[in-house]
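Visitor: I'd like to go through this one with you, if you have a moment. Could you set out the terms first and then take my questions as they come?

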Amino acid sequence: MNRTMLVASATLVGCALALPLLVETSNADPAGSAADPAAETPTETPVEIARREYEEVLRQTPDVERGREVYLTCAVCHLPEGWGSADGRYPQIAGQLRTVIIKQLADFRAGNRENPLMYPFSVPGILGGPQEIADVAAYVSQLPMTADNGLGPGTDLEAGEALYIEHCADCHGAAGEGDEAEHIPMIAGQHFVYLMRQFDAIRSGERKNADAGMIDAIQELAPAEQEAVLDYTARLRPAAEKLAQEGWLNPDFPHYLRDAMGLRARPPAVQWKEQAPASRSRPESRSGSSPESPSAAP
């Protein structure tokens, strides 16, 4: 099954799952229907709806085991390991900060971040309510990451580092570790093409849930500068304790068909595991030392 067929299949599955909910909602008593947080208080803005659900989720006590069960829905696209795809169609979500996962799910559900493929899988009738979000966020955040994420061309890393320090480090951290208290994403180990797509979406206004400072910083970057800073960013290494062992596969999904899809990011290579985290906190800048960059086309 190639990537195009997989995306089409996932979209059809999502629509098929969501259609009965839409029909049920249209036939239900409006006074008795409170499944969708976006429909509860029509006078609220998407930002307000998302913030309300985010705060409600944080009040829950997460259950990682129940999160594993909820994640079965997510694994359709993100795959059992949560490593996404090196071509950037799906991000690496394994190891992402718990508050970031909660924030993005709340934004998807409220319409504060639009993604036609993601939305059907995030609606309350499929994913669940605040408790299920708390559970799955806890599960995903503890999954080990792959260090073998998709990289860029590696041709202007010195300029990329300078741009990262100037525009990104204050919020995302010097090593791209993010900020859980402020739900600022960890971007170390993220796929280069995915980062490029998100920057383009924020610049065009397609992605609406970026803060004003992020929007201003992106608007200031020329295309070559964007490529340089995101290539550098993709080479930032997660902390050693967040990385999967070589050859690791998620034991919670022993019978999941992975390789036939042609999407699975590989587990970290031996060299990542053997080097101390301090030596990998900043990316290599030697010309020609980076792995082959992924194709932007699915």
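Guide: A residue is called buried under 20% relative accessible area and exposed over 50%, with partly exposed in between. Please keep in mind that this is a predicted model.

Visitor: Fine. Is arginine 66 buried, partly exposed or exposed, then?

Guide: Arginine 66 counts as partly exposed, because its relative accessibility is 38%.

Visitor: And what does the side chain of arginine 66 meet in a salt bridge?

Guide: Its partner is aspartate 135, with 3.5 Å from N to O. The pair links distant parts of the chain, since aspartate 135 belongs to helix α8 (residues 130-141) and arginine 66 to helix α4, 69 residues apart. Aspartate 135 counts as buried, because its relative accessibility is 0%.

Visitor: How many salt bridges are there by this rule?

Guide: The count comes to 10 salt bridges. Another of them, by the 4 Å rule, joins the side chains of glutamate 44 and arginine 52, at 2.7 Å from N to O. Arginine 52 is partly exposed, with a relative accessible area of 29%.

Visitor: Which residues meet in a salt bridge at 3.7 Å?

Guide: Those are aspartate 200 and arginine 203, whose side chains meet at 3.7 Å, N to O. Both residues lie in helix α11, 3 residues apart, which is about one turn of the helix. As a general point, an α-helix has 3.6 residues a turn, so residues three or four places apart point the same way. Aspartate 200 counts as partly exposed at 42% relative accessibility, and arginine 203 is partly exposed as well, with a relative accessible area of 27%.

Visitor: Changing topic: how many disulfides does a search of the whole structure find?

Guide: The search of the whole structure finds 0 disulfides.

Visitor: Now the rings. How many aromatic pairs are counted by this rule?

Guide: The count comes to 5 aromatic pairs. In one of them, the ring centres of tyrosine 71 and phenylalanine 253 lie 6.0 Å apart and the planes stand at 75°, so the pair is edge-to-face. Tyrosine 71 is in helix α4 and phenylalanine 253 is in the loop between α13 (223-234) and α14 (270-274), so the pair ties together parts that are 182 residues apart in sequence.

Visitor: Is tyrosine 71 buried or exposed?

Guide: Tyrosine 71 is buried, with a relative accessible area of 0%, and phenylalanine 253 also counts as buried, at 7% relative accessibility. Phenylalanine 253 pairs with tyrosine 256 too, where the centres are 6.5 Å apart and the planes are at 90°, so that pair is again edge-to-face.

Visitor: Which residues form one aromatic cluster?

Guide: The cluster is formed by Tyr71, Tyr139, Phe253 and Tyr256.

Visitor: What about helix α3, and which of its residues are buried?

Guide: Helix α3 (residues 46-58) has 13 residues and reaches 18 Å from its first C-alpha to its last, close to the 18 Å expected at 1.5 Å a residue. Its buried residues are Ile49, Ala50, Glu53, Tyr54 and Val57. They cover an arc of only 135° around the axis, which puts them on the same side of α3.

Note on methods:
Residues are numbered from 1 along each chain as its sequence is written. This is a predicted model: local features need pLDDT of at least 70, side-chain atom pairs count only at pLDDT 80 or more; totals for chains, interfaces and linings use all residues. Side-chain values use heavy atoms; hydrogens and water are left out. Buried means under 20% relative accessible area, exposed over 50%, partly exposed in between (1.4 Å probe, protein chains only). Helices (H or I, at least four residues) and strands (E, at least two) are DSSP runs, numbered from the N terminus. A disulfide is a pair of cysteine sulfur atoms within 2.5 Å. Rings of Phe, Tyr and Trp (its six-membered ring) pair if their centres lie within 6.5 Å; planes under 30 degrees apart count as stacked, over 60 as edge-to-face and the rest as tilted. The expected span of a helix is 1.5 Å times one less than its number of residues. The arc is that of the directions from the helix axis to the C-beta atoms.
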